[in-house]
Amino acid sequence: MPDVFTIDVEDWFHILETKETPDLPAWDALPSRVEGNLRALLELLDTCNVKATLFTLGWVAQRFPRLMREAADRGHEVASHGYAHQVVHGLSPAQFRDDICRAKATLEDATGRPVRGYRAPGFSITRETPWAFDEIVAAGYTFDSSVFPAPHGHGGMPDVSRHPWVVRSAAGPLVEFPISVAGTPLGPQCFFGGGYLRLFPLRLVMRMAEQVRKDGRSVIWYIHPREIDPDHPRLRMPPQRRFRSYVNLRGTAAKLKAILASGSFATMGELADRISAAAPDPRAIPLPS
Ligand SMILES: [Zn+2]
């Protein structure tokens with residue numbers, strides 16, 4: 001199976017669950033860095049001839065519609081990261097529905113193409129929010145990548161399959177791509193995105209990617225545009241959070257280039273189509289209720 005390279009398209013101030021993160025009404029007045037940073041990532045993807053899946057905030061598409069149209073015209077898949085970057089377990093079902101429907105409509109207006117995929121901010125679908133899958137399907141999405149199959153700060157479902165599976169929601173089927181984790185003596189660990197990818201040495205990341213592929217899984221890589229921008233403004237945070245958010249920003253672009261040059265890639269939508277068309281994989285289990 002090919003790997004999937006995903007980008008969570010949001011700005012430098014979209015860091016979750018910190019006191020300093022500004023609220024939605026303040027965002028328009030802040031200096032934005034997402035356009036320049038996403039363009040740099042698109043150049044890198046072109047250089048390596050890789051098509052990515054861009055989980056984009058509706059707010060970003062509202063502010064930069066031409067950027068998202070251009071990304072789609074360049075062959076990338078534009079998917080949804082919700083509108084206002086709120087964790088799912090902090091919303092009611094009705095609030096969640098409004099957010100993901102507004103995001104989908106805004107992204108489709110910007111790109112002129114259907115939007116099929118969704119990823120929750122902070123991978124924040126948990127056992128406490130089983131209704132989220134019903135809402136995602138009812139909103140018209142056909143695949144999702146919101147589950148972190150290990151303990152995680154904003155979410156985490158440690159007891160689910162690490163392989164993609166089809167969620168049998170009340171509203172219909174949904175292909176779920178859990179974030180990639182590799183086995184370590186200390187338990188399952190992600191090496192393939194965000195602070196994990198920036199912190200761990202490239203050789204270790206590549207070795208762990210090989211472990212995931214040998215297990216018959218695609219590596220789901222993920223990155224944020226701010227992570228290739230060492231000069232972006234910083235939010236004030238406690239030391240541990242600050243370290244995780246800002247460690248090794250200078251080395252990320254070179255790491256990504258090595259990763260993109262090393263493997264074969266498909267968009268998540270392409271893999272979702274393959275999974276939907278294939279006979280059910282015996283390892284792909286429905287989400288236990
Ligand atoms: Zn996010």
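Reader: Which residues does Phe-13 touch, not counting residues up to four places away in sequence?

Author: Phe-13 touches Thr-21, Pro-22, Leu-30 and Leu-235. Two residues are in contact if their C-beta atoms, placed from the backbone, lie within 7 Å. This is a predicted model: local features need pLDDT of at least 70, side-chain atom pairs count only at pLDDT 80 or more, and totals for chains, interfaces and linings use all residues. Residues are numbered from 1 along each chain as its sequence is written.

Reader: Where is Phe-13, and why is Phe-13 called buried?

Author: Phe-13 is in the loop between S1 and H1. Helices (H or I, at least four residues) and strands (E, at least two) are DSSP runs, numbered from the N terminus. A residue is buried if 20 or more other C-beta atoms lie within 10 Å of its own, exposed if 12 or fewer, and partly exposed in between, with C-beta atoms placed from the backbone. Phe-13 has 22 C-beta neighbours inside 10 Å, so Phe-13 counts as buried.

Reader: What makes Thr-18 partly exposed?

Author: Thr-18 has 14 other C-beta atoms within 10 Å, and is therefore partly exposed. Thr-18 is also in the loop between strand S1 (4-9) and helix H1 (24-27). Thr-18 touches Leu-235, Met-237 and Arg-241, leaving out residues up to four places away in sequence. Thr-18 and Leu-235 are 217 residues apart in sequence, with their C-alpha atoms 8.8 Å apart in space.

Reader: How do you know that Gly-216 is exposed?

Author: Gly-216 has 10 C-beta neighbours inside 10 Å, so Gly-216 counts as exposed. Gly-216 is in the loop between H8 and strand S8 (220-223). From Gly-216 to His-163 the C-alpha distance is 8.3 Å, at 53 residues apart in sequence.

Reader: Is Gln-211 buried, partly exposed or exposed, and why?

Author: Gln-211 is partly exposed, because 15 other C-beta atoms lie within 10 Å. Gln-211 is found in helix H8 (residues 202-214). The C-alpha atoms of Gln-211 and Ala-182 are separated by 6.8 Å.

Reader: What about phi of Asn-248?

Author: Phi of Asn-248 is near 55 degrees, again positive in a residue other than glycine. Asn-248 lies in the loop between helix H9 (239-246) and helix H10 (252-262). With 16 C-beta neighbours inside 10 Å, Asn-248 counts as partly exposed.

Reader: How do helix H5 and helix H6 pack?

Author: Helix H5 (residues 93-111) and helix H6 (residues 131-138) pack at an angle of about 35 degrees, with axes 10 Å apart. Axes are lines fitted to C-alpha atoms, for helices over the stretch in contact, and angles run from 0 to 180 degrees between N-to-C directions. Pro-93, Phe-96, Arg-97 and Ile-100 of H5 make the contact with Trp-131, Ala-132, Glu-135 and Ile-136 of H6.

Reader: Which residues of H6 are buried, and what covers them?

Author: The buried residues of H6 include Ala-132, Phe-133, Glu-135, Ile-136 and Val-137. Their cover includes H5, strand S4 (117-118), strand S5 (143-144), strand S6 (165-169) and strand S7 (172-176). Just after H6, Gly-140 takes a positive phi of about 105 degrees.

Reader: How many helices and strands are there, and why is the chain called compact?

Author: The chain has 11 helices and eight strands. The radius of gyration is 18 Å, close to the 19 Å that the globule rule gives for 289 residues, so the chain is as compact as a globular protein of that length. The radius of gyration is taken over C-alpha atoms, and the globule rule is 2.2 Å times the number of residues to the power 0.38. Buried residues make up 46% of the 289 residues.
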